[in-house]
Amino acid sequence: MLLGLLCLGVLTLAAAAALSLGDYRVPLEALPGILWHGGDSNAAFVVHELRLPRLLTGLLAGAALGMAGAIAQSITRNPLGEPGLLGVTAGAAFAMVLGMAFARLSTPAMLACGTLGGLFAALLTFAIGLRTRLEPLQLTLVGMSVNLFFLSAITLVLVSSQTEANGIYYWLSGSLANRTWEHVGMLWAWVLGGLALGLACARILDLLALDETMLTSLGLQVTRWRLLLGLTAVVLSAATVAATGPIAFVGLVAPHLVRSGLTLAGERTTHRTLLPLSALAGASLVCGADLIAKWQEIPVGILCVLVGGPLLVHLIRRQGT
């Protein structure tokens, strides 16, 4: 409970700062009236048309990545599990770059294309990982190899295609700049649906942490549930990639922060608390990172890589020991 209030407090402060700060300063005391009543003033236009869509896109993307990371870590029993590290994000990005470079796809088609690309990358990672019996560290290394393969394939597509690649390169860096209400509309149904499905399956995720032989003897369809929950994580990640481009490491960091916080608070970690708190933590991380990224005028995806890279090395070293 205390950790949830802390996440909400951090998220509220980050959201207020995101709506208030910028080249055009909006006083904090004026924000409630502007959000509630709107108006024709410059401040209302800046908040409603420029900053609020960017904020909501970041909230939805961070929540989706946080929950997707928590689900991926649970179904793989891998503390290093995260859609980006398992190749899902790069696979989704590759499929969407193909669509951008060689076809003019609608928004639903782009989402479907990204989902199929992410699912194919995940299946490829697990197919190769079966040779190592899905050991956590080996599975992570396989996922990183698949990730590098698809990143190389993206570069090949951009080099060989005849389209203007500058916009695609900027999208690949992961950014919330120039997000509009169209991006919010692209994300909200997929993200809220994935979050609801994840929360509905929280008890199943608790059971999947137990011995697989015992679960099978009790009649639980372990493989079927893992595929369903894995598809949920893929859809959450692919929808985020479609709206913001790849934002790495949020899905890895958010669940670890939540578990550490629950341990310090002396609370039992169950997926009924882990999943929503991971979503809140992910939303807070993305919004906080976007504040710094907007101040330094760099894409938020690059900032997340700079912060998340050293943390990944630390987690791999700890997992290896």
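1. The helices named below are DSSP runs (H or I, at least four residues), numbered from the N terminus.

2. This is a predicted model, in which local features need pLDDT of at least 70 and side-chain atom pairs count only at pLDDT 80 or more, while totals for chains, interfaces and linings use all residues. Residues are numbered from 1 along each chain as its sequence is written, and side-chain values use heavy atoms, with hydrogens and water left out.

3. The axes of α3 and helix α11 (residues 222-244) cross at roughly 150° and come within 9 Å; here axes are lines fitted to C-alpha atoms, over the stretch in contact, and angles run from 0 to 180 degrees between N-to-C directions. The two helices, α3 and α11, are therefore roughly antiparallel to each other. On the α3 side the contact (heavy atoms within 4.5 Å) involves T57, A61, A64, L65, M67, A68, I71 and I75, and α11 contributes residues including R226, L229 and T244. By class, the residues of this contact of α3 with α11 are 10 nonpolar, 6 polar and 1 charged. In this grouping Ala, Val, Leu, Ile, Met, Phe, Trp, Tyr, Cys and Pro are nonpolar, Asp, Glu, Lys and Arg are charged, and the others, Gly among them, are polar.

4. Helix α3 (residues 42-76) also packs with helix α8 (residues 181-200): their axes come within 9 Å and cross at roughly 30°. Consequently, α3 and α8 are roughly parallel to each other. Among the residues that meet are H48, P53 and I71 in α3 and W181, W188 and L199 in α8. The contact of α3 with α8 comprises 16 nonpolar, 5 polar and 1 charged residues.

5. Helix α4 (residues 88-102) has 15 residues and should span 21 Å at 1.5 Å a residue, which agrees with the 21 Å between its end C-alpha atoms; the expected span is 1.5 Å times one less than the number of residues. Because 12 of the 15 residues are buried, α4 is largely enclosed by the rest of the structure. Buried means under 20% relative accessible area, exposed over 50%, and partly exposed in between (1.4 Å probe, protein chains only).

6. G91 lies in α4 and, at 2% relative accessibility, counts as buried. Beyond its neighbours within four places in sequence, G91 is in contact with G117, G118, A121 and F150.

7. H256, in helix α12 (residues 250-264), is buried, with a relative accessible area of 14%. Its C-alpha atom is separated by 9.9 Å from that of Q73, 183 residues apart along the chain.

Methods:
Angles under 35 degrees count as roughly parallel, over 145 as roughly antiparallel, 65 to 115 as roughly perpendicular and the rest as oblique.
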